[in-house]
Amino acid sequence: MQNIVFYRSPLGMMLLAADEVGLTGAWFEGQKYFAGTLTEGVREERSPVTDEAVRWLDLYFSGAVPDFLPPLHLTGSPFRREVWALLCAVPYGETVTYGELAVRLRAKNGGRPVSARAVGGAVGHNPVSVIVPCHRVTGAGGRLTGYAGGLERKRQLLRREQGLPFEPFNGGSPGSISAP
């Protein structure tokens, strides 16, 4: 059974989902793959895991650097889980390229070739936006590319991590999403 809660962020409404193990999803309204890991029979009810995720997001969106990670329960292929683990290691305020992540995976896996495109696919399917920081991944030369929540949100998240305030955001209509 998964619990869901809605979270109003400065960048639009988010849907958070958790099971008894950890956070299974955090999606912005209108995001690609929205609610992709939800199972049948979800209930709209707070849980200790969603409370921790809300606390983390409150800190993050206020400009603080959270010093904890809510429990996560990321489901996906072993490759995707490896990529998501690398994302969690990208420090606040820093970025990494898809190519750099591919090189890190190659080194971790005994030199087995990994393409930046495959890494990009895994990054794009990250089910826990913001907390698993896929917004910190850029294209070659630092170009802003691909973000399931939209490039404007990605730009705003990276700005915030540089200590800059959020700019007015019109990328969603808070309050308009409903439980799947």
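Which residues do ring pairs link into a cluster? The model before you is predicted, and in it the cluster consists of Tyr-7, Trp-56, Tyr-60, Phe-61, Tyr-92 and Phe-166. The structure holds six aromatic pairs. In one of these, the ring centres of Tyr-7 and Phe-61 are 6.2 Å apart and the planes lie at 20°, so this pair is stacked. Because Tyr-7 belongs to strand β1 and Phe-61 to helix α1, the pair ties together parts that are 54 residues apart in sequence. Another pair, Tyr-60 with Phe-61, has its centres 5.4 Å apart and its planes at 85°, so it is edge-to-face. As for accessibility, Tyr-7 is buried at 8%, Phe-61 at 7% and Tyr-60 at 0%.

I turn now to helix α1 itself. It comprises residues 48-61 and spans 20 Å between its first and last C-alpha, close to the 20 Å expected. Its buried residues are Val-49, Thr-50, Ala-53, Trp-56, Leu-57, Tyr-60 and Phe-61. They lie on the same side of α1, because they cover an arc of only 120° around the axis. The elements that cover them include β1, β2, β3 and α5. After the helix comes Gly-63, with a positive phi near 100°.

Finally, I draw your attention to Ala-26, which is found in strand β3. Is Ala-26 buried or exposed? Its relative accessibility is 0%, so Ala-26 counts as buried. Among the residues that Ala-26 touches are Met-14, Leu-16, Gln-31 and Val-128.

Note on methods
Residues numbered from 1 in each chain as written. Predicted model: local features only at pLDDT ≥ 70, side-chain atom pairs only at ≥ 80, totals over all residues. Heavy atoms only, no water. Helix = DSSP H or I, 4+ residues; strand = E, 2+ residues; numbered from the N terminus. Expected span 1.5 Å × (residues − 1). Buried < 20%, exposed > 50% of the residue type's maximum accessible area, 1.4 Å probe, protein only. Arc of directions from axis to C-beta. Contact = heavy atoms within 4.5 Å. Phe/Tyr/Trp six-rings, centres within 6.5 Å; stacked < 30°, edge-to-face > 60°. Lists of a residue's contacts leave out its neighbours within four places in sequence.
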